[in-house]
Amino acid sequence: MDLSTKMLDKSPTTQFRCGYCGSTVQSYNQSFGICQFCEMYNDNATKQDKELSGVLGQVNSLVSRSDFDAAAKLFESLVANHNSAEYNYAFGVFNQMYSDHEYGMRDYTTPNGYMEANSARINAGNAHFSTAKALFFKSILLSDAAYQQSKDANVLYAKFLSQIRLRKVLDSKATLSELESASATSAVTEYARMLYLCATSDKKSEQQVAKVALLGVPNAFYYAADLCAERSKLGDAKRFATALLGKVDMYAAKKLLIGIERAQAII
Ligand SMILES: [Zn+2]
């Protein structure tokens with residue numbers, strides 16, 4: 001793929017806490033950032049409620065200590081108090097990670113008695129996966145309701161992201177058209193278009209990844225790596241993922257890099 005990683009030679013120009021999931025957003029753009037974890041759009045106008053930001057900070061510090069259970073409880077209470085499309089979506093993404101964590105804790109090395117512990121992990125992983133799906137569906141409904149009220153196309157972005165996470169590609173195409181025709185913020189539309197083209201393996205996806213990289217959104221390199229991996233260009237995939245992770249902490253990219261290295265070991 002013809003995409004320069006030169007931008008990543010520098011340090012990100014902007015760094016702040018995501019207003020929806022609390023992780024650190026790093027951007028090569030002065031005016032906005034797209035979260036490396038939940039992919040929500042944040043700019044100067046994104047409400048940074050102090051109390052909310054404090055709770056999200058606590059959620060992140062619990063995750064960094066692998067205390068997913070306490071983090072989930074805290075995030076759940078936050079969503080109960082702020083029942084919007086955006087927070088339900090972000091909590092859905094959290095549950096996807098929690099599900100990965102439980103599956104990842106399976107241990108097949110202990111000679112005796114591991115079956116019971118492993119099946120508990122698998123059940124927990126499945127439960128968090130189902131919770132994530134339910135939250136994405138709820139986010140879609142809330143997003144529609146918010147759009148009916150505000151007529152602000154940006155509220156449809158959480159719906160679009162939820163549809164992509166649920167792999168509802170046809171539905172996401174309709175939402176992308178809504179984002180485009182109802183004039184959502186241009187970076188939101190460009191990013192959503194990239195996600196849609198990558199999800200459908202469209203031939204224009206490479207071009208769109210390059211366009212989003214030029215906007216100063218480092219996440220574009222994750223999608224570049226993913227497209228390369230999908231085409232079995234593992235060397236290029238690893239190059240993009242490694243360059244990205246050298247600058248930005250991105251959960252999905254770490255997961256992808258593990259997959260790429262496993263595939264390389266098999267070949
Ligand atoms: Zn976020």
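## Exercises on a predicted model

In helix 11, A253, L256, L257 and I260 are the buried residues; buried means that 20 or more other C-beta atoms, placed from the backbone, lie within 10 Å of a residue's own, while exposed means 12 or fewer and partly exposed is in between. This is a predicted model, where local features need pLDDT of at least 70, side-chain atom pairs count only at pLDDT 80 or more, and totals for chains, interfaces and linings use all residues. Residues are numbered from 1 along each chain as its sequence is written.

**Exercise 1.** Work out how the buried residues of helix 11 are arranged around its axis.

*Solution.*
- Step 1: Seen down the axis, these buried residues fall within an arc of 105°, so they line one face of the helix. The arc is that of the directions from the helix axis to the C-beta atoms.
- Step 2: Recall that an α-helix has 3.6 residues a turn, so residues three or four places apart point the same way.
- Step 3: Now look at the face turned away from the buried side, where you will find the exposed residues I258, R262, A265 and I266.
- Step 4: Finally, ask what covers the buried residues: the cover includes helix 9 and helix 10 (234–245). Helices (H or I, at least four residues) and strands (E, at least two) are DSSP runs, numbered from the N terminus.

**Exercise 2.** Find which residues touch the most other members of the largest nonpolar core.

*Solution.*
- Step 1: A nonpolar core is a set of buried Ala, Val, Leu, Ile, Met, Phe, Trp, Tyr and Cys residues joined through C-beta atoms within 7 Å.
- Step 2: The largest one has 76 residues, and C21, A90, Y157, F221, A224, A225 and L244 touch the most other members.
- Step 3: Helix 9 (residues 219–230) supplies the largest share of this core, nine residues.
- Step 4: Take F221 and leave out residues up to four places away in sequence: F221 touches T5, L8, A213, F240, A243 and L244. Contact here means C-beta atoms, placed from the backbone, within 7 Å.

**Exercise 3.** Decide whether I34 is buried or exposed, and list its contacts beyond four places in sequence.

*Solution.*
- Step 1: Locate I34 in strand 3 (residues 32–34).
- Step 2: I34 counts as buried because it has 26 C-beta neighbours inside 10 Å.
- Step 3: Beyond four places in sequence, the contacts of I34 are E39, Y41, Y191, V217 and N219.
- Step 4: For G216, compare sequence with space: I34 lies 182 residues from G216 along the chain, yet their C-alpha atoms are 9.5 Å apart.

Conventions:
Two residues are in contact if their C-beta atoms, placed from the backbone, lie within 7 Å.
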